[in-house]
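The following exercises are intended for a reader who meets this structure for the first time. Each task is followed by a solution in steps.

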Amino acid sequence: MATAALAIEAPQARSGIRSWITTTDHKRIGILYGVTAFFFFLVGGLEALLIRAQLGSPHNTLVSAETYNQLFTMHGTTMVFLAIMPLSAAFFNYIIPLQIGARDVAFPRLNAFSYWVFLLGGLFMNASFLFGAAPDGGWFGYANLTSLQYSPGLNIDFWVLGLQILGVASIAAGINFLITIVNLRAPGMTMMRLPVFTWMALITQFIIVTAFPVITVALVLLMFDRTFGTTFYSVAAGGDVLLWQHLFWLFGHPEVYILILPTMGMVSEVIPTFSRKPLFGYAVVVYSGLLIALLGWGVWAHHMFAVGMGSVADSVFSATTMLIAIPTGVKIFNWIATMWGGRIRLETPMLFAIGFIAMFIIGGLSGVMHSSAPADLQQTDTYFVVAHIHYVLYGGAIQGIFAGIYYWWPKITGWKLNDGIGKLHFWLSLLGMNLAFFPMHAIGLLGMPRRIYTYDTALGLDTMNLVSTIGAFIVGASALVFLFNTWWSRRKEPAGADPWGGATLEWTIPSPPPPYNFTAIPEVVSRLPRWSRTEMKAIPDVPPEPIHLPPGSYWPLVAAAGIVVLATGALLKALILAIGGGAIVVVAIFAWAFEPFEA
Amino acid sequence: MSDAVAHHPTSTGLDSRKLAFWTFIGSECLLFGSLISTYLVYKGRSVTGPTPAEILNIPLTSVSTFDLLMSSLAMVLALAAVARGDRLWARVWLATTAALGAIFLGFQAYEFTHFVQEGLKLQTNLFGSTFFTLTGFHGGHVLVGVLWLLTLLFRSFQGKLGPDKALLVELAGLYWHFVDVVWIVIFTVVYLIQ
């Protein structure tokens with residue numbers, strides 16, 4: 001304990017609202033992430049339903065063109081940055097330390113900081129609705145649509161600043177989890193004994209840490225264009241609007257893998273557990289993940305075939321894109337081979353995992369179609385692409401996350417979710433998403449462009465659009481069924497330490513785990529500690545020696561608040577406010593560095 | 001705080017803070033990489049002057065580059081002094097590093113105001129936009145480094161920077177050397193290869 005004159009009392013509360021505000025416990029932060037991200041998931045879902053309601057019939061006037069632009073922009077931005085990424089982060093937080101046999105993450109206060117920045121950044125972005133100025137330039141924000149000339153309102157400013165704030169949270173969390181996985185493994189937990197979820201999480205953090213600086217620069221240049229009158233994206237001054245596209249997709253395509261790799265990790269935990277078989281080809285699955293991350297850096301321009309890069313660039317990016325299908329396909333075969341001959345139990349987590357595989361194959365196949373530049377020229381900017389991304393991100397990422405939620409819910413709460421209601425949730429979700437997204441393939445190939453607020457009967461797409469809208473509302477209903485399940489299942493079926501017969505370390509400790517996770521740090525002797533013949537030394541029921549727990553801290557929240565005040569100053573062009581926000585950040589960093597805190 | 005490390009041996013044997021810092025530097029490489037790429041992509045595409053050849057003062061910037069390089073040497077000596085528990089020289093070298101950093105910032109402030117007087121502003125042309133953004137980001141990093149070094153110096157005067165805290169100086173040193181290396185790239189790309 002530091003006894004410096006600068007010492008500031010560290011808060012020690014373990015219950016009540018203050019304990020949540022100051023918490024540095026990875027499990028609590030995981031729950032905060034999960035609840036917040038699910039809230040934003042519902043917000044993004046509501047936006048999707050409004051979009052589909054508008055498109056349910058031709059020449060509909062439910063929303064105006066302006067509102068429609070705001071809805072599809074915020075739907076994409078919310079789902080990517082405020083729902084799927086932080087839902088994965090919730091599991092990184094809660095599960096990684098349990099799977100590697102650690103008591104917390106490497107930097108508990110930095111972890112809290114990431115959460116608060118994410119929360120406040122998300123609220124900042126959505127506060128734009130209160131001003132009637134939600135971002136409206138698409139989630140990709142192409143230049144020069146976003147220039148001051150074509151978007152004079154605050155809409156784009158909210159987006160530019162909001163994404164920069166969220167980038168801070170992502171990079172901080174990325175570094176934190178990366179070091180946690182590399183450096184906090186229990187004795188005997190070698191890299192090739194790491195559970196696949198943790199492995200995929202590690203690869204994801206590597207992508208986050210390297211991809212986010214690129215979009216930060218793209219956003220800073222755009223911010224300078226809008227605020228200081230620079231000409232980075234102004235053709236008249238010699239600039240190039242394609243610079244934005246290159247920087248954005250250089251981030252944007254790795255981002256796709258940031259969204260999907262964690263859920264690939266989740267289903268890689270669920271499928272072996274419910275097939276009673278170790279994962280087929282563990283090492284190949286791990287290396288495929290690494291290969292996807294590496295190749296993911298070399299495919300970005302397949303988003304830009306339509307801009308006319310020339311046949312050489314088109315061919316190269318076509319080839320790399322086709323290549324990336326190989327490690328992805330390898331994983332799919334590994335999951336199927338894991339189930340082959342296994343004693344399969346079709347409980348809810350397994351259903352979602354199988355649903356993930358099936359839907360991800362469809363999304364993957366349309367993805368391979370896009371890799372061919374001539375085909376892509378027909379598909380780009382049509383609903384075909386919308387169908388593709390939703391099969392990958394809803395059928396893939398969201399269903400994978402639900403597999404994870406049903407799988408780890410008992411560990412987190414101590415109670416199982418009702419299996420019957422869970423199955424209803426799954427079937428509704430699967431039916432709804434196929435009704436909503438499958439017709440979009442045809443809608444797109446028949447020529448309906450994306451991001452247009454209405455269409456004419458003469459296109460002949462009225463029925464298919466209506467079917468798609470009905471499907472979207474069924475997906476919405478399935479989310480309500482899930483929420484009902486969480487309420488219905490409270491305190492009904494106690495989970496015990498290991499409700500599924502899982503193989504990994506998190507199932508060796510009580511549900512929910514005590515604040516210190518492990519009474520004694522386990523010594524790992526095999527890849528699947530609970531399934532292996534060489535038995536692990538039992539973990540004692542009571543701690544053999546007193547366990548030090550890190551205290552709480554206010555400063556992560558204060559620093560996060562400072563960042564948002566700074567952004568608000570930039571948004572309103574109020575220099576005093578920006579300086580004030582900067583000052584809060586500086587004070588918080590110093591207080592953080594000097595407060596007595598022992599991790 | 002440092003004995004907490006002794007209580008929890010890490011998987012790699014390296015301190016987590018040090019690993020985290022290397023990771024952060026990796027992330028920063030992509031940040032500066034993107035900025036430098038932007039500068040290179042837009043090189044020679046300004047539709048109005050002044051051009052780099054008209055305005056850049058290589059002899060002057062060579063002096064400030066030399067100054068920054070020497071600060072890295074002082075940083076190495078500061079770490080060595082802290083590690084061997086030499087309080088006097090630790091303070092001397094920490095102060096020297098911070099001062100050399102501050103002098104570099106002084107050069108940059110002079111250069112920026114001089115350019116503005118010569119008619120090159122952030123908004124003037126693509127060269128101005130890319131130049132001020134790139135070197136401004138770098139200068140911001142130097143400023144953070146100077147504040148960090150001054151904080152360490154302050155802790156040293158408080159008697160709280162013994163050899164057990166050498167890691168804290170090492171982290172500051174990693175950052176400082178990285179910022180220095182970035183400048184070498186910027187100096188080469190922006191000033192020397194026109």
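**Exercise 1.** Determine where N517(A) lies and whether it is buried or exposed.

Solution. N517(A) is located in the loop between α14 and α15 of chain A. The model is a predicted one, and in it N517(A) shows a positive phi of about 65° although it is not a glycine. Most residues other than glycine have a negative phi. For the second part, a residue is buried if 20 or more other C-beta atoms lie within 10 Å of its own. N517(A) has 22 C-beta neighbours inside 10 Å and therefore counts as buried.

**Exercise 2.** Classify H59(A) as buried or exposed.

Solution. H59(A) sits in the loop between α2 (26-55) and α3 (65-100) of chain A. Its phi is near 50°, a positive value in a residue other than glycine. Because H59(A) has 8 other C-beta atoms within 10 Å, H59(A) is exposed.

**Exercise 3.** Locate the cis peptide bond that joins S511(A) and P512(A), and the one that joins G49(B) and P50(B).

Solution. Most peptide bonds are trans. In chain A, the bond between S511(A) and P512(A) is cis, with omega about -10°. P512(A) belongs to the loop between α14 (462-488) and α15 (555-572) of chain A. In chain B, the bond between G49(B) and P50(B) is cis, with omega about -5°. P50(B) belongs to the loop between α2 (16-41) and α3 (52-55) of chain B.

**Exercise 4.** Describe how helix α12 (residues 383-413) of chain A packs with helix α13 (residues 419-445) of chain A.

Solution. The two axes come within 7 Å and cross at roughly 165°. Angles over 145 degrees count as roughly antiparallel. The angle therefore makes α12(A) roughly antiparallel to α13(A). The crossing of α12(A) with α13(A) is left-handed. Among the residues in contact are Y383(A), H390(A) and Y406(A) of α12(A), together with G422(A), M433(A) and L445(A) of α13(A). The contact of α12(A) with α13(A) has 13 nonpolar, 5 polar and no charged residues.

**Exercise 5.** State which element of chain A gives the most residues to the side that touches chain B.

Solution. In total, 32 residues of chain A are in contact with 29 residues of chain B. The elements of chain A that give two or more residues to this side are α5 (155-183), α6 (196-228) and α7 (241-275). The most come from α6(A), with 9 residues. By class, this side of chain A has 22 nonpolar, 8 polar and 2 charged residues.

Note on methods: Residues are numbered from 1 along each chain as its sequence is written. Chains are lettered from A and ligands numbered from 1 in the order in which they are written. This is a predicted model: local features need pLDDT of at least 70, side-chain atom pairs count only at pLDDT 80 or more; totals for chains, interfaces and linings use all residues. Two residues are in contact if their C-beta atoms, placed from the backbone, lie within 7 Å. Helices (H or I, at least four residues) and strands (E, at least two) are DSSP runs, numbered from the N terminus. Ala, Val, Leu, Ile, Met, Phe, Trp, Tyr, Cys and Pro count as nonpolar, Asp, Glu, Lys and Arg as charged, and the others, Gly among them, as polar. Axes are lines fitted to C-alpha atoms, for helices over the stretch in contact, and angles run from 0 to 180 degrees between N-to-C directions. Angles under 35 degrees count as roughly parallel, over 145 as roughly antiparallel, 65 to 115 as roughly perpendicular and the rest as oblique. A crossing is left-handed if the near helix is turned anticlockwise from the far one by less than a right angle, and right-handed if clockwise. A residue is buried if 20 or more other C-beta atoms lie within 10 Å of its own, exposed if 12 or fewer, and partly exposed in between; C-beta atoms are placed from the backbone.
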